[in-house]
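Please open the structure in your viewer and keep the selection panel at hand. This tour goes from stop to stop, saying what to select next and what is there.

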Amino acid sequence: MVFNSYTFIVFFLIMLGLHNLPFSWKVKKINLLIASYIFYAAWNPPFILLLWLSTVVDFFVGRALYNQENKHKRKLLLVVSLIGNLGMLCFFKYGGFLLENFTHLVNLLGVNYHPAKPNIILPAGISFYTFTTLCYTIDMYKKRSKPVKSILDFSLFVTFFPHLVAGPIVRPPQLVPQFEMPHTATQKQLMQGLLLISLGLFMKVVLADSMLSDPANTVFGAKGPLNTLDAWMGVLAFSGQIFFDFAGYSTCAIGVASCLGFVLPENFLYPYAAVGFSDFWRRWHITLSAWLRDYLYIPLGGNRKGKFRTYINLMITMLLGGLWHGANWTFVVWGALHGLYLWIEKLIQDFRIRLKPEPELVPKPQVVVQGFMAPRFLKKVQSSNFFLALITFFMINVTWVFFRAPDFTSAWRMLTSMFSHVPNGAVLLTTLTIIKVSVIIVLMVIFHWLMRNTRVLTVANKMPWWLLGLIWSAMLILLILSQESSSTFIYFQF
Amino acid sequence: MESKNLVRAGVLAFVLVIAFVAGWEFYLRSKGFDTSYYDDGSLWANKREMVYEPANKATVFIGSSRIKFDLDINTWENITGDHAIQLACVGSTPLPILENLANDKNFKGKLVVDVTEGLFFSSAAGNARTPNENIKYYKDQTPAQRGSFHVNHLLESQFVFLDKEWLSLNELLAGLHIRNRPGVYNFPGFPSDFGRVKFNRQEYMTNKMIADTNIQNQVKGIWNSFRQMSKDPPASGAKLDSILTAVKNSVDKIRARGGQVLFVRTPSSGAYLMGEKMGFPREKYWERILAVTGCPGIHFEDYPAIAHFVCPEFSHLSPSDAIVFTKNFINILQEKGWTFPHKQTIALK
């Protein structure tokens with residue numbers, strides 16, 4: 001089920017009603033759990049078995065990990081959990097990719113091996129719920145938190161429908177305590193939730209689907225070289241589409257949870273206003289970058305094992321982060337480019353520190369709570385750094401080419417069209433489309449810059465009620481007029 | 001902001017949205033717009049699910065836009081007592097759908113294949129795109145999508161403004177007619193009064209279209225631009241043979257299971273018909289379909305009762321002519337040996 005569908009509206013209204021009826025807290029939790037399974041099964045019912053398997057295995061393995069004192073047995077249990085979770089992910093997500101690469105390799109070695117292409121359907125959200133359950137068992141292994149007492153709370157933690165298929169990726173301490181005590185939304189939470197759902201749907205349906213997906217699809221679907229303007233417009237359109245699509249989903253998820261009285265972590269903080277790439281990763285898909293930091297980068301040694309290892313760890317993290325997004329080498333290159341950007345940024349930072357050691361003067365921005373290491377000089381963000389933000393945005397757009405292009409030939413063709421004059425490059429986009437993309441992208445960047453140190457609800461709270469009402473109604477009217485419903489979110493495929 | 005202010009803002013937004021929707025709906029109705037259904041994969045899939053109805057109770061129609069305009073489903077169902085399942089796709093070849101039905105072992109019913117030669121004998125990928133997308137949607141449809149379809153149906157049946165084809169935000173912006181930069185291919189836009197879609201997927205021309213020769217000429221101009229754009233000559237030789245072989249294979253599979261297949265060449269007129277006759281001579285195309293497949297066929301020119309129509313824009317029948325065509329078509333089908341056990345007796349005009 002997707003948030004931008006009539007089915008979800010009906011489902012959500014029923015859930016809202018049920019959640020506010022005078023049932024016991026346990027009954028309400030059971031309702032939420034059943035609803036979450038229905039939410040998931042409405043996409044492809046058989047895959048619910050995987051969800052159950054993952055939940056049951058990790059609940060019991062997690063508890064055993066926490067209670068087991070024998071080191072060898074603890075390690076064995078951790079391996080069981082890792083194999084279970086990552087094995088499932090590898091089979092469904094990377095099975096075809098691994099087989100394809102193995103086939104290429106043995107063919108290169110002269111072996112005539114041509115297996116049938118496996119027809120594996122990727123279960124929706126497997127990457128998200130695998131990471132959710134993985135962090136629980138790793139936390140249990142490290143005894144970072146106590147095991148969840150009831151399987152009902154644990155199942156709900158894994159399956160809670162607002163975050164189930166595309167995040168935010170939640171940690172047990174963020175959500176499980178909320179299930180332990182009765183939660184229903186206050187009037188303020190309900191209204192804020194409805195506002196966030198409206199905003200999220202506006203971002204997804206009006207901006208991503210209605211305005212930006214067509215130009216992005218047209219340009220990236222081109223079979224030949226493109227006119228430079230078309231190439232750039234296509235990339236900018238995708239840059240907007242992927243943000244509005246995914247941030248729209250996260251905003252809906254947070255809004256839906258809020259309507260039920262729960263709080264989910266922020267996932268996006270105006271990433272296109274980022275000054276530098278570490279800043280970008282503190283603003284883009286925050287819960288994933290925090291997950292990668294805590295469960296991959298730091299266990300690899302982080303920055304504690306010398307500069308060389310720091311650079312290597314950074315690159316490994318970004319490469320695997322790229323691969324997490326999809327079973328294709330283009331995603332790996334996307335990750336590698338980000339790794340490279342972070343290297344360059346760190347080199348500059350190290351160079352500046354060597355020239356002039358910097359005193360700790362600048363307080364951390366209040367809203368930035370998670371992410372990779374941020375170079376100190378970039379923390380001194382002033383409005384004059386808007387230019388640096390634009391450069392960052394420009395460089396990020398280059399990486400999106402690899403993220404969106406189906407293969408390297410297309411990616412290369414796109415980059416060639418973007419950075420050189422292509423004689424007779426195809427002219428694809430209409431004037432109206434170019435105006436739409438330009439207006440939306442310019443407004444998006446300005447909006448991100450203005451909002452970079454605040455949050456939407458903070459701004460909404462300060463607004464006169466009539467102005468908020470006008471903006472809210474404009475979003476809803478455009479949502480109704482766009483008549484784009486039920487298209488899946490891009491991140492579902494990850 | 002206090003929650004009281006949030007509630008105020010929410011109430012204001014709600015009131016403004018309701019006022020806008022009511023005003024917009026009222027305005028569109030006053031301009032003569034009627035409810036129309038978006039003819040996408042979900043509507044097609046809904047009809048595709050019905051093909052398993054018993055052969056003596058249903059007939060499946062595939063083809064291009066002509067059969068969608070020319071078959072008046074109410075008339076058909078009233079006279080024959082048979083359910084008409086419309087699976088034709090606008091601007092498309094029916095061959096992917098024919099193949100899909102042929103490979104579905106559970107389909108054993110009656111099938112009418114509409115032949116618009118320029119599309120039927122085309123191997124251009126674009127002409128197969130919609131049927132293939134619809135088939136994929138039908139196969140991959142999720143329970144949630146089915147649910148949304150039914151809610152959407154309920155809303156589309158009540159509100160004129162829910163017409164994605166002509167009244168979505170993008171269509172409204174396209175109505176600004178901003179001049180295009182040089183070199184961009186612009187797909188010719190049909191006038192919004194050309195057709196409306198019913199829930200049974202029948203299309204019909206609006207009263208404005210029937211009355212206004214200017215709109216009719218716009219559509220004629222679009223047909224002409226399609227003709228000029230078409231660079232490939234009509235299929236012939238091995239290419240034609242391979243198309244016919246594919247048709248025969250599909251037809252054989254359906255007939256082997258007890259199904260019935262009949263081809264129909266629905267009316268066209270004027271310059272369009274003249275062009276079709278030149279590009280696709282009857283003996284080389286229409287007659288070969290019947291000869292290769294061994295199926296019965298109804299060519300409109302062979303039957304005086306359906307040979308006289310003048311299509312407003314050369315290619316599709318007006319709603320009133322569609323009723324006459326359908327009544328006579330049923331009669332001819334019976335002459336060909338098709339039976340309708342639930343048939344009612346209605347005098348033909």
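A residue is called buried when its relative accessible area is under 20%, exposed when that area is over 50%, and partly exposed in between, using a 1.4 Å probe and protein chains only. This is a predicted model, in which local features need pLDDT of at least 70 and side-chain atom pairs count only at pLDDT 80 or more, while totals for chains, interfaces and linings use all residues. Residues are numbered from 1 along each chain as its sequence is written, chains are lettered from A and ligands numbered from 1 in the order in which they are written, and side-chain values use heavy atoms, with hydrogens and water left out.

**Stop one: a residue in a loop of chain B**

Select Gln141(B), which lies in the loop between helix H7 (126-140) and H8 of chain B; helices (H or I, at least four residues) and strands (E, at least two) are DSSP runs, numbered from the N terminus. Is Gln141(B) buried or exposed? Because its relative accessibility is 10%, Gln141(B) counts as buried. Now show its surroundings: apart from neighbours within four places in sequence, Gln141(B) is in contact (heavy atoms within 4.5 Å) with Ala45(B), Glu49(B) and Arg146(B). With Glu49(B), the side chain of Gln141(B) makes a polar contact of 3.3 Å. A polar contact is a pair of N or O atoms within 3.5 Å; within protein, one must be able to donate a hydrogen and the other to accept it, and residues adjacent in sequence count only if both atoms are side-chain atoms.

**Stop two: the two domains of chain B**

Colour chain B by its domains, with domain 1 at 1-31 and domain 2 at 41-335; such bounds come from an automatic or database domain assignment. Their C-alpha centres lie 40 Å apart, and the contact takes six residues from domain 1 of chain B and seven residues from domain 2 of chain B. The area buried between these two domains, that is, the accessible area (1.4 Å probe) that two parts lose on being put together, summed over both, is about 550 Å², with carbon and sulfur atoms giving 71%. In domain 1 of chain B, select Trp24(B), Glu25(B) and Leu28(B), which lose the most area to domain 2 of chain B and together account for 66% of what that side buries.

**Stop three: where chain B meets chain A**

Show both chains, and look at the interface to which chain B brings 42 residues and chain A brings 48 residues. About 3,700 Å² is buried between chain B and chain A, and carbon and sulfur atoms give 69% of this area. How many salt bridges does the rule find across the interface of chain B and chain A? It finds one, a salt bridge being a side-chain nitrogen of Lys or Arg within 4 Å of a carboxyl oxygen of Asp or Glu. To see a salt bridge here, select Arg181(B) and Asp230(A), whose side chains meet at 2.5 Å, N to O. The rule also finds 16 residue pairs in polar contact across the interface of chain B and chain A, both residues at pLDDT 80 or more. On the side of chain B that touches chain A, H1(B) gives the most, with 14 residues.

**Stop four: the two domains of chain A**

Turn to chain A, which is divided into domain 1 (21-183) and domain 2 (189-493). The C-alpha centres of these domains of chain A lie 26 Å apart, and 34 residues from domain 1 of chain A and 32 residues from domain 2 of chain A take part in the contact. The area buried between domain 1 of chain A and domain 2 of chain A is about 2,800 Å², of which 68% comes from carbon and sulfur atoms. Within domain 1 of chain A, Phe97(A), Pro168(A) and Arg171(A) lose the most area to domain 2 of chain A, together 21% of what that side buries. The side chain of Arg171(A) also meets that of Asp294(A) in a salt bridge (2.9 Å, N to O).

**Stop five: a buried helix**

Finally, select helix H12 of chain A, residues 286-297. Why is H12(A) described as largely enclosed by the rest of the structure? It is so described because 12 of its 12 residues are buried, among them Trp291(A), Arg293(A) and Asp294(A). The buried residues of H12(A) pack against H5, helix H11 (277-283) and helix H13 (307-325) of chain A.
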